[in-house]
Every structure is written in C-alpha cells, then in structure tokens.
Amino acid sequence: MWEIYDKLIEGIPESWTAESIARGSAFSYVKSQGGVGLGGLVNYDMRMPLYTKNLEGLPLREVAQCIKSWNFYEASVGLAAINAYYNCPEIARSSGVPLGESRHVEDRIYDPFIMSQNEIRGRKVTVIGHFPFIETLFQPICDMRVIAGEVPVEGDYPFSAAEYLLPDSEYVYIGSSCFLEKTLPRLLELSCNAVKVTLVGPSTTLAPVLFEYGVHDLSGYVVKDADRAMRMVRGAENGKIYSTGQKVSLRR
C-alpha cells in the first residue's frame, strides 16, 4: 500500500533540503530550492508524531517521509515536503504543467469543476469531499454522489459508501486530503472503471507517476509568491491561499 508514497519520495533529489517549514490551521508549508509545497490539514490526530527533532535543514526526502505518519499533522508536513519538489514551478513546467509568468492567473481557467461541466453532463459522478459550490456546478447536470469529507453535509454519503459507489462511477473527483489519510491507493483501485479520475486541491502532487495508478488529471496548485504564502499559513496575513499563485492542471 506504500508503493505510491515510496515512488513519490524516491523521485525527490537527494540534494534538496527543507529550508523552512510552517504549519497553520489550514495548511502546512515547506520551502525548498525554488519551490513551495502546501499540505492540507485534517483537524484531528490520534497518534504521536514520528519525529520530535528540528526538521528544518534536513534533506527534503527525509521530511517527505512524514507523509507515512499516522499523526495527520505530521503527515501534512510530509505532503508539503513532497509538493515542494513536484509543485516547484521549474519542476512542474518540466512535467508538462502549463504555467504562466504572472504571479496570479484567473482561477476559472483551471478549476476542475467548472472546466468539466460539459463532459460530465448526464453521467454518473462521485466526488470525495464536499467542495464549495459543488451542488450548483454539478447537481443540475449529472447523477452526483458526494462522499462526506471532514465536515459532512446533509445528503452526503458516509465514507464507507466508497466501496459501493466508486466501481460504477464514470467520473471520480478525489480531494487531496486522501493523500494524508492514506485512503488514496484504495480509492484509485475502486475507481478503475471510471472514464476519468481527477485529484483535486491545492495539496495535489503534480507528479506524472500518479498516472500509472489510474489518475487522468492532477488539478493542483503552484505557489509563486513564497513569502506571501508563508505569511498566510502563519496567520500574519489574511487572504485566500489561491492568491499566492496559480491553479494548474496536469493531464495524462
């Protein structure tokens, strides 16, 4: 079950180091070389962390190992470390991510839910996690089933329904918190019959290796203003994290 995680970690060069690390209420932040990675948070943990030492200055690969922690706060730092490499502008471009030069690009262009409204029309669609405006964008045009995220909404299916709903879903959207919770490998197995599987969220890792596991579209985020993103994560500046860079999409 660790195969996906091991491949992501092994792809990080040994020479990269975790220069600065922060964790706020919504995201973890890791900066390395020219890249900043974000890791979403779930607001609970039940296990002690694996590491109690200072992680700043360590090889990025070592910090990325935190993704395997069952302490989800620590795992969030591990995901941010992985993304500091794969979502770095230079690496993302080399992977084929279309990335503009300006610091901020209109969100609608790469919003996965807006951009896929035509292709899902009349289809059976399952969304893992309750995303903002999903009822407005999807419910009128497709057979939409939402599996509850961290905060369930009336009408959502419980997470256990994934075993039953995903195998006959034509389009599947999986929130990037599934990286943290280690549910991603199983959700991808269950989605093997889907026409299209999309990973969604600012913590989505823009790594082409994920295409080997049935993902068709990586809908993620590239931070371009590292200092501002750090201030927002620390709470020194209020605003939307999406104002610090560009939503992007990497398709198979």
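Reader: How many helices and strands does the chain have?

Author: This predicted model contains 10 helices and 9 strands. Its radius of gyration is 17 Å, close to the 18 Å that the globule rule gives for 252 residues, so the chain is as compact as a globular protein of that length. Along its principal axes, the C-alpha trace spans about 50 × 40 × 35 Å.

Reader: What share of the 252 residues counts as buried?

Author: A residue is called buried when its relative accessible area is under 20%. By that criterion, 55% of the 252 residues are buried. The accessible surface of the chain comes to about 11,400 Å², and carbon and sulfur atoms account for 51% of that area.

Reader: Among contacts between residues at least 6 apart in sequence, what share joins residues at least 24 apart?

Author: A contact is counted when heavy atoms lie within 4.5 Å. Among the contacts in question, 62% join residues at least 24 apart.

Reader: How far apart are the mean positions of the positive and negative charges?

Author: The chain carries 25 positive and 30 negative charges, and their mean positions are 3 Å apart.

Reader: Which residues touch the most other members of the largest nonpolar core?

Author: A nonpolar core is a set of buried nonpolar residues joined through their side chains. The largest one here has 58 residues, and Leu 60 and Ile 174 touch the most other members. Helix α3, residues 72-86, gives the most to this core, with 9 residues. A second, separate core has 15 residues, including Val 127, Phe 131, Leu 137 and Tyr 173.

Reader: Which residues does Ile 174 touch, beyond those up to four places away in sequence?

Author: The partners of Ile 174 include Ile 128, Leu 184, Leu 187 and Leu 188. Val 197, Thr 198, Leu 199 and Val 200 are also among them.

Reader: Where are Gln 33 and Phe 133 found?

Author: Gln 33 is in the loop between β2 (27-32) and β3 (35-40). Phe 133 lies in the loop between β4 (124-128) and α6 (134-137). Gln 33 is partly exposed, with a relative accessible area of 39%, whereas Phe 133 counts as exposed at 63%.

Reader: Is Thr 183 buried or exposed?

Author: The relative accessibility of Thr 183 is 19%, so this residue counts as buried, the limit being under 20%. Thr 183 sits in the loop between α8 (177-181) and α9 (184-190). Apart from residues up to four places away in sequence, Thr 183 touches Phe 159 and Cys 178.

Reader: Is Thr 244 buried or exposed?

Author: Thr 244 is buried, with a relative accessible area of 0%. Its place is in the loop between α10 (226-234) and β9 (245-251). Thr 244 and Ala 81 are 163 residues apart in sequence, while their C-alpha atoms are 18 Å apart in space.

Reader: What surrounds Met 144, leaving aside its neighbours within four places in sequence?

Author: Met 144 belongs to strand β5, residues 143-147, and counts as buried at 14% relative accessibility. Its contacts are with Val 125, Ile 134, Glu 135, Phe 138 and Gln 139. Met 144 and Val 172 are 28 residues apart in sequence and 9.9 Å apart in space, C-alpha to C-alpha.

Reader: Where does Ala 148 lie, and which residues does Ala 148 touch?

Author: Ala 148 is in the loop between β5 and α7 (162-165), and is buried with a relative accessible area of 15%. Setting aside residues up to four places away in sequence, Ala 148 touches Gly 129, Asp 156 and Tyr 157.

Reader: Is Leu 50 buried or exposed?

Author: Leu 50 counts as exposed, at 56% relative accessibility. Leu 50 is found in the loop between β3 and α2 (60-64). Leaving aside neighbours within four places in sequence, Leu 50 is in contact with Ser 69 and Glu 74.

Terms used. Residues numbered from 1 in each chain as written. Predicted model: local features only at pLDDT ≥ 70, side-chain atom pairs only at ≥ 80, totals over all residues. Heavy atoms only, no water. Helix = DSSP H or I, 4+ residues; strand = E, 2+ residues; numbered from the N terminus. Buried < 20%, exposed > 50% of the residue type's maximum accessible area, 1.4 Å probe, protein only. Core = buried A, V, L, I, M, F, W, Y, C linked by side-chain atoms within 4.5 Å. Rg over C-alpha atoms; globule rule 2.2 N^0.38 Å. Areas by Shrake-Rupley, 256 points an atom, 1.4 Å probe, with all protein chains shown as cover. Lys, Arg positive; Asp, Glu negative; His and termini not counted. Charge placed at Lys NZ, Arg CZ, Asp CG, Glu CD.
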